[in-house]
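User: I would like to go through this structure with you, one topic at a time. Please start with helix packing.

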Amino acid sequence: MAPLLLMQGIDKAFGGVPALQQASLAVEPGEVHALIGQNGAGKSTMIKVMTGSHRRDAGEMVFDGRPVAFANPRAAQDAGIATIHQEINLVPFRSVTENICLGRERRRFGLLDWGAMHRESEALLARFAIRGIDVRRPLMSYPTAVQQMVAIARAVGFSARLVVMDEPTSSLDEAEVEVLFGVIRQLKADGVAVVFVSHRLDELYAVCDRVTVMRDGRTVLSAAMSQVSRFELVRAMLGRDLEQAVHAGTAGTPGREPLMEARHLARGRRVRDVSLSVHSGEIVGLAGLLGSGRSETARLIFGADRPASGDVIVASAGPIDGPAAAIAAGLGYCAEDRKTEGIVPDLSVRENLVLALMPRLTRRGVVDEAQAKAVADRFIARLGVRCASPEQPIRELSGGNQQKVLLARWLCMDPRLMILDEPTRGIDVGAKAEILTLVRELAADGLGVLMISSELEEVVEAASRIFVLRDGVSVAELRGAQVSEDAVMAAMAHGGAAEAPKVRHD
Amino acid sequence: MTESLAAPAPAGSRRPGWGHRLAPHGALLALVLLILFNAAFTPNFLTWQTLNVNLTQVCATVIVGVGMTLVIATAGIDLSVGSLMAIAGALAPLIFLGHLVPGLSGPPAIVLAFVVPVAVTAALGWFNGWLITRFRIQPIVATLVLFIAGRGIAQVMTNGNLQVFNTPGFQWIALERVAGIPVQAILMAVVVVVAAWALRRTLFGRRVLAVGGNETAARLAGVPVVRVKRGVYALSGALAGVAGLIVVARNSAADANLVGLGVELDAIAAAAVGGTLLTGGRASVVGTLWGALLIQLVRYTLLANGVPDAAALVVKAGIILAAVVLQVRRAP
């Protein structure tokens with residue numbers, strides 16, 4: 001059978017930086033096809049090329065037997081490719097019918113033909129076996145799952161041949177996910193193909209027929225779902241084919257009182273049951289697939305969000321009820337997104353550096369400028385921040401140097417525990433190595449470090465212990481000789497530490 | 001990317017040229033040019049009389065504008081300042097005329113007439129901040145509440161009556177002069193200098209800019225964002241109260257309908273012309289002073305040269321537009 005959609009040799013670069021390199025994807029009619037990969041692997045770019053939001057630089061795309069090049073999303077839609085985004089783009093105050101028919105209203109004698117539109121909406125919902133809905137009522141009177149179904153019905157209409165769902169389950173609860181799967185199976189029965197993006201392996205096995213894995217802009221694996229194990233999927237997403245990173249973490253000091261202990265943290269769907277601990281002088285890794293709740297856990301520990309249940313206990317400190325309390329307890333937190341959560345772009349390097357320290361430099365409300373300057377100069381020199389002057393706005397610095405300033409923001413506080421969320425993301429190789437070396441030196445001097453990184457080898461090389469998260473649950477703690485890339489990936493895939501399979505390296 | 005190279009700034013993000021250097025001082029430059037123009041063409045321009053007229057005209061706008069600048073620095077806006085001026089202006093005569101507390105008179109009444117209205121408007125400003133932080137209402141909507149209700153409150157307090165008075169003990173704030181300079185102008189200068197210093201040197205000032213520059217980052221760095229915001233709106237309210245007192249003292253009358261009418265927009269315009277970024281994070285208190293003086297002097301120049309006030313409004317709008325366009329071009 002000829003594939004419904006065939007993409008081959010797709011290249012796409014943004015400003016000279018390649019996002020897709022010879023990527024490929026083949027979707028058969030009536031199949032549910034999983035498209036997975038880490039952040040930056042190229043899935044979103046692939047989908048945007050597919051649905052006409054981006055133009056490809058090279059490669060061919062065949063849809064329904066014809067070579068195509070969609071100029072815009074509307075053209076892809078007209079050809080029969082519907083896209084459902086993460087957020088529901090509907091008008092909650094208007095009726096179900098109005099939402100379904102928005103932009104393609106039926107008219108008769110120049111007036112809206114409400115009768116025809118209501119009938120059409122009812123027929124469409126019936127097709128997806130969504131019952132008990134009065135299409136005349138406002139959309140917002142129905143629960144989120146139903147709204148999502150309406151969004152799908154609207155997007156799919158009667159003519160779509162291929163439906164692209166970009167993380168459709170991220171905002172749904174488990175019952176709602178089941179309803180969605182019902183719709184997907186219905187589409188499949190009608191011969192409509194579905195491209196399904198999700199980070200939850202369980203969901204992929206529940207509903208998908210085939211899977212394509214992307215990494216670094218390339219297609220690295222394409223297989224029938226029944227032919228690949230979870231471990232192989234994780235390995236394809238994260239793993240490198242060549243050498244395994246050598247575990248060289250610090251010795252760790254089990255048995256002593258932990259510096260920080262998180263017990264059964266839970267908040268919403270993202271963090272469901274996370275327990276972990278960090279001792280002083282050790283680097284602890286926090287690993288997990290995208291969406292497994294790593295950053296959310298970090299925010300809970302630092303008090304940036306409050307847990308729905310569970311406790312964070314910091315040795316010889318009170319309860320953590322906010323960032324200020326966390327800072328007082330000796331914690332520091334470099335957030336994942338440097339731009340939105342880290343730097344204050346218009347302030348100078350110096351001001352950014354002493355932002356958290358400032359209250360300690362203040363006498364009767366007035367900041368001691370001389371002392372602030374001295375601190376900034378000392379840490380700029382110590383971390384090798386490259387800037388024209390401490391008074392230069394931080395936005396003018398490169399990513400690596402911004403990250404160093406953010407590290408310095410906490411180091412000048414003389415912290416006991418640092419939480420580093422993706423400390424090396426988006427910075428060049430040289431700065432990356434400098435930062436990792438610095439973290440090791442600090443740990444050797446007694447600092448406790450909790451490090452999150454999507455780059456497995458970083459965590460494996462640096463950490464003495466690794467906690468693995470899977471769907472918001474801490475499923476494994478690896479220590480000492482147990483720490484290896486394979487073991488971490490196995491825990492991500494299966495949720496257990498002991499069952500790491502023996503994998504051939506050839 | 002050439003990150004590890006010792007490149008202080010990515011190419012293209014900074015073009016040191018005279019335009020770039022002058023842009024931050026655009027309002028001051030325009031002000032100087034306008035003064036030179038007037039000195040040459042407007043009769044009797046270089047006199048104490050002219051200076052004092054212009055300073056007293058601009059005083060309320062500047063004082064309110066300083067508070068507005070701090071609010072804008074947190075990426076907020078305060079529409080209620082004009083109404084708060086009306087409240088302070090209505091309250092003060094009620095106190096020193098003894099209408100509020102019968103029998104209260106003399107120096108204690110005068111002192112209370114200064115203290116109470118400012119405390120009340122500060123509290124109302126704090127209420128603005130409370131609405132914004134507690135319910136996460138957008139500042140423009142939250143302060144719209146008192147913009148509308150505030151003038152109503154002022155009218156209710158005075159039963160809608162014009163309060164006329166002749167109380168030198170109170171009115172010295174507007175009518176007295178020290179070494180030939182009106183007290184209100186001195187007060188204005190003090191407010192500007194203290195605020196400019198506080199924004200640069202105090203913990204509170206630095207936190208204001210951090211909150212406006214990146215609220216999330218500030219919060220994660222332990223900055224008490226809620227307290228900073230409430231503080232800044234309280235300060236804006238207090239300064240509006242001071243401005244309200246000056247205006248009624250100058251007029252020897254308090255009219256709840258008119259005191260502070262439209263001043264919120266003048267203050268915003270002065271801040272924008274002075275180089276304060278309306279999206280927060282970058283602010284210049286002294287720039288607001290230049291901005292307000294520029295707008296005032298343009299109006300004066302046009303009036304002195306026989307252009308009607310209505311036409312002057314259009315020119316004022318043009319200046320604001322030019323300033324904002326310059327600002328957008330300057331933004332990275």
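Analyst: In chain B, helix α4 (residues 81-96) packs with helix α11 (residues 225-251) at an angle of about 55 degrees, and their axes are 7 Å apart. Helices (H or I, at least four residues) and strands (E, at least two) are DSSP runs, numbered from the N terminus. Axes are lines fitted to C-alpha atoms, for helices over the stretch in contact, and angles run from 0 to 180 degrees between N-to-C directions. This is a predicted model, in which local features need pLDDT of at least 70 and side-chain atom pairs count only at pLDDT 80 or more, while totals for chains, interfaces and linings use all residues. Residues are numbered from 1 along each chain as its sequence is written, and chains are lettered from A and ligands numbered from 1 in the order in which they are written.

User: How are α4(B) and α11(B) oriented to each other?

Analyst: They are oblique; angles under 35 degrees count as roughly parallel, over 145 as roughly antiparallel, 65 to 115 as roughly perpendicular and the rest as oblique.

User: Which residues of α4(B) and α11(B) meet?

Analyst: From α4(B), Val81(B), Leu84(B) and Gly89(B) are among them, and the α11(B) side includes Ser236(B), Ala240(B) and Val248(B). Contact requires C-beta atoms, placed from the backbone, to lie within 7 Å. By class, this contact of α4(B) with α11(B) has 12 nonpolar, 5 polar and no charged residues. Ala, Val, Leu, Ile, Met, Phe, Trp, Tyr, Cys and Pro count as nonpolar, Asp, Glu, Lys and Arg as charged, and the others, Gly among them, as polar.

User: Now the chain contact: how many residues come from chain A and from chain B?

Analyst: Chain A gives 37 residues and chain B gives 28 residues. Elements of chain A that each supply at least two residues to its side include α14 (399-411) and α15 (429-444). That side of chain A has 20 nonpolar, 9 polar and 8 charged residues.

User: Is Leu469(A) buried or exposed, and why?

Analyst: Leu469(A) counts as buried because it has 29 C-beta neighbours inside 10 Å; the cut-offs are 20 or more for buried, 12 or fewer for exposed, and partly exposed in between, with C-beta atoms placed from the backbone. Leu469(A) lies in strand β22 (residues 465-470) of chain A and touches Val274(A), Leu286(A) and Arg294(A), among others.

User: What is the strand order of the open sheet in chain A?

Analyst: The order of its 4 strands is β2-β1-β4-β5, with antiparallel pairing; two strands pair if DSSP finds at least two bridges between them. β1 (residues 5-14) and β4 (residues 58-63) of chain A pair over 5 bridges.

Methods
Contact = placed C-beta atoms within 7 Å. Lists of a residue's contacts leave out its neighbours within four places in sequence.
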